[in-house]
Amino acid sequence: MQLIPRHDPYLVVRSTGGHTVAALQGELDLVLVRHLRPELDALVRESDALTVDIRRLTFCDATGLGLLAHCAGRVHRRGARWRLLCDQPWILRLIRLTALGEVLRPEAGPPEGLGDGVPGGPAPLRAR
């Protein structure tokens, strides 16, 4: 397990082997999308399996869903594995209303053996 060092209150990244988990928190809107897109693009390029955990988001708009769909599409085209952890009914409803379910494939729980979605077990994110 490797925690990728960073000083970003909105993104915590952990990696083990070729599997990377990116946990997002905060408001996934235009401002945060512009901030996170380069980092998520790098994770998409470098990961054999990418799990994006959005269970701690407090807001997500169409721009945020667009970023997630962009990442998922690139992961699928590379032949890598994609997982989106989401247990919030309001985000799941947005995904359904925008017909992004087949692309994003949201799951409510953490991947097997990964505790809270992060290799090595739960790693609570700091509240801002």
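1. Which residue's side chain meets that of Arg 37 in a salt bridge? In this predicted model, the partner is Asp 41, with a separation of 3.7 Å from N to O. Both residues belong to helix α1 and lie four residues apart, which is about one turn of the helix. Arg 37 is partly exposed, its relative accessible area being 35%, whereas Asp 41 counts as buried at 13% relative accessibility.

2. Asp 41 also forms a salt bridge with Arg 74, and here the closest N and O atoms are 3.1 Å apart. Because Asp 41 lies in helix α1 and Arg 74 in helix α2, this pair ties together parts that are 33 residues apart in sequence. Arg 74 is itself partly exposed, with a relative accessible area of 22%.

3. The side chains of Arg 83 and Glu 107 meet in a further salt bridge, at 3.2 Å from N to O. Arg 83 sits in strand β5 and Glu 107 in strand β6 (residues 106–107), so the pair ties together parts that are 24 residues apart in sequence. Arg 83 is partly exposed at 30% relative accessibility, and Glu 107 is partly exposed at 26%. Through shared partners, salt bridges join Arg 37, Asp 41 and Arg 74 into one network.

4. Leaving aside residues up to four places away in sequence, Leu 68 touches Leu 24, Leu 28, Val 52, Ile 54, Trp 82, Leu 84 and Leu 104.

Terms used
Residues numbered from 1 in each chain as written. Predicted model: local features only at pLDDT ≥ 70, side-chain atom pairs only at ≥ 80, totals over all residues. Heavy atoms only, no water. Contact = heavy atoms within 4.5 Å. Salt bridge = Lys/Arg side-chain N within 4 Å of Asp/Glu carboxyl O. Helix = DSSP H or I, 4+ residues; strand = E, 2+ residues; numbered from the N terminus. Buried < 20%, exposed > 50% of the residue type's maximum accessible area, 1.4 Å probe, protein only.
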